Amino acid sequence: MKRTTGALLLLALVLGVAGCGGKSESEKEAEAAGKVGASEITCDGAALSGDSGLAEGFPKPSGVTYVKTRQDGPTTVVNAYYEGDLDAAYSAYKDAFEPAGYDIPFNEKEENDAEVSFEKSGGTTGLVALKAECDNGRTSIRITSRSD
Amino acid sequence: MRQRPHVHPHHQPLGLALAVVLALCVAGCGGGAGGSSTQSSTPLTIVVNAPFTGAPSVADAIANGVDLAVQARTQGGVLTAGDRRYRIKVSKLDNELSPLQALRNVRTAIDDHALAVVDEGTGADASWSVANAANLPIGIVYQGGQELIDPVKRPNVFRIAPTDRGLAFRLGEYVAPKHHKVAFLVDDTAYGTQGVKALDKAWAFDPKQVVAHIVLPSGQTDLSPQVLRAQRAGADALIVWARGPAIASVLSAARSRGWNVPVYTTPAGQDPIVRQQLADHPQWVDGLTFASGRMTAEEGPAPFEQFQQSYQSAFGPDLVGVKTKDGSAVTQPPEFAMYAYDMTQAILAALQTAGGADDRAKYVRVLGTTTVEGANGDARSFNRRNHEGVIDDDVAFSRFHDMTFAPVKDDPLSASLPTITQTQ
C-alpha cells in the first residue's frame, strides 16, 4: 500500500512538473521558429572581417555593413544592415546592380519590407531582402546568392 | 500604389462570395438569348490546357482559379477593353499528360482565336512556337522546368509557379546541412527529367553527397526495388521528384520495410492522391516534407484567407478524401488555383491595357510588362527580362502530420509563415 501511494505521489509530481514547468511541443516549436526568424534580422553587429562569400564585384552600396555569412548547401546567405531607412536602402541597391553588370528581374517595395532580385549572366541569381524592423535607424538586409 | 482589382479591401468575404456565385449563375444561365449585359459583346476564350484525367486535382484547381478570376474581374463574364466589350469564356481541354495532345489543344486554341492558354506545362516545349506565331500567350501555372521560360526566345510564354531551379536550390539549402547522403528518385516523365536537371545543378556544390540517381518508371505501383537500391547506396535522405502516385509508392515501399528515412519532395507531395493512397497507413505520411511556393505574403495571411474563402464559396472545399485522427475532413488549400487566378488576372489586365484584342501582338507585348497584385497580396510582375511570377526565395517547406501540413520551423522563411486551415 505504501509502495502504491509513493508511486502515485511520484507520478503526480512528474505530471505536475510536466504540466507546470515544461513546454508543450507547440510552444517549443513556436520558440524555435521565433529564434530562427529573429536570427535573420540584423540591426547591429561588428563588420565581417573575412570574405563574404558573394561574387567578386557584387555591389555593396555605401552604408552597408556585412555582419555574418554562411553557406546553406549551394547558397550563400549574408546578413547585413544599412545605415539608413528602408527607402534609402531600396534605392541604394536598385541603383547599384546595373553598373555592376547585374540585371534586376524583379523589385518590390512595401510599407515595411522591400525586395530586389538580381541576376547575372552565367547563372548567378538571388535576392536582397530589406526589412524595416530596426529601432536604431538602420535597415536589416538578408542577401541570398545562388550560382549554377 | 498597387491595385487589387479582384478584391477591394472594403469588401467582406461573404459579399465577394455572393458576388462570385451570382456571377457564375449569370455566366452559366445567361448565354443564349442573353441578358442586356451580354448583348453586342465579342466572345473571347481562355483555354485551360491541363491533365483533367491524368492529374485531376491539379487540373481542376487550375480551371477553378481561371474561372474565379474571370468572374471576379468581369461583370457577369463581360469585360470592357477600349471601346469593345468581350464575353470571356473558359474552355477546358485535357492534355492527358501527353505533349502531343497538349500541342493539339494549343492548335485548337489558335483556331478558336483564344485570348490565352493557361497551361499546366506539359508539351509547352513543343507548343510555344506555334502559339508565338499566332500571338497567343501561354501562361504556365504548374511545371517549373527552367527551359520552359525564356523572355527573349519565347516572348509569349509566362509562368506563375515555383521554378524547378528555385525548388531544387531551396531543397539544397534545407536538406544539405542535415543529411550528407541523399538519393534522388525521379519519375520518367518530363516533370521528373526536368527536375533531376535542377537537382544536379543545385547539388553541384558537393556532388558526392548524392549517392544514387534512381528512375521511377511511370505506372509501376511497387517501387520496392528502387527504394531498396537507395537504401543499399547508403542514403540517409530521399529526394523524390515525381507525380503524386509515385511519391505515395516510395513512402509505402520505405515504411513497409521499416525504413524511416526522411523523404523530401516537390509541390506534388501535397497532391491529395498521396494521402488517398496511404489512407490505410496515415502514419506513413507523417514527416513527408515538401517544397512549394509560400501561400501567404509578407503582408500577412488575410488576403490568401479571403481568396480561400471565395474559392470555397464558389466551388466548395477541395476535399482530400481523408480524415484527421479526430475525424475532421481534410481539405486542400488552393495554392495552384491561386497561381492560375493570378495568371488570368494578368491576362485580363493586359487585354484592358492594350485596349482590346484586335492587335494581338500589342496585347502580348503588354502582357510582358504587366504587374498585378496576386490573390495573396504579392505582386506578380513581368518585364522584358523576367517572365516568372514566383521568385526562388519564395519557396518554403511544409511537413505532414495527421494528414495535414504545416510550415517547418527550422527554415527562416517557413518559420515565419502561418499554418493554413485544412480541415472542416
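Predicted model: local features only at pLDDT ≥ 70, side-chain atom pairs only at ≥ 80, totals over all residues.
Let me begin with the overall form. The secondary structure of chain B consists of 14 helices and 17 strands. Its C-alpha trace spans about 70 × 50 × 40 Å along the principal axes. A compact globule of 424 residues would have a radius of gyration near 22 Å, and the 21 Å of chain B agrees with that. Of these 424 residues, 54% count as buried. If we take the contacts in chain B between residues at least 6 apart in sequence, 69% of them join residues at least 24 apart.

I turn now to the contact between the chains. Chain B contributes 23 residues and chain A contributes 23 residues. On the side of chain B, at least two residues each come from α5 (164-175), α6 (190-202), β15 (379-381) and α14 (412-415). The largest share, 3 residues, belongs to α5(B).

Finally, please consider two helices of chain B, α12 (residues 335-353) and α13 (residues 360-367). Their axes come within 8 Å and cross at roughly 125°. Because of that angle, α12(B) counts as oblique to α13(B). The crossing of the two is right-handed. Which residues make the contact? From α12(B) they are B:A346, B:I347, B:A350, B:L351 and B:T353, and from α13(B) they are B:Y363, B:V366 and B:L367. In this contact of α12(B) with α13(B), 7 residues are nonpolar, 1 is polar and none is charged.

Terms used. Residues numbered from 1 in each chain as written. Chains lettered and ligands numbered in written order. Helix = DSSP H or I, 4+ residues; strand = E, 2+ residues; numbered from the N terminus. Rg over C-alpha atoms; globule rule 2.2 N^0.38 Å. Buried ≥ 20, exposed ≤ 12 C-beta atoms within 10 Å, placed from the backbone. Contact = placed C-beta atoms within 7 Å. Axes fitted to C-alpha atoms, helices over the stretch in contact; angles between N-to-C directions. Parallel < 35°, antiparallel > 145°, perpendicular 65-115°, else oblique. Left-handed = near helix turned anticlockwise from the far one by under 90°. Nonpolar A, V, L, I, M, F, W, Y, C, P; charged D, E, K, R; others polar.
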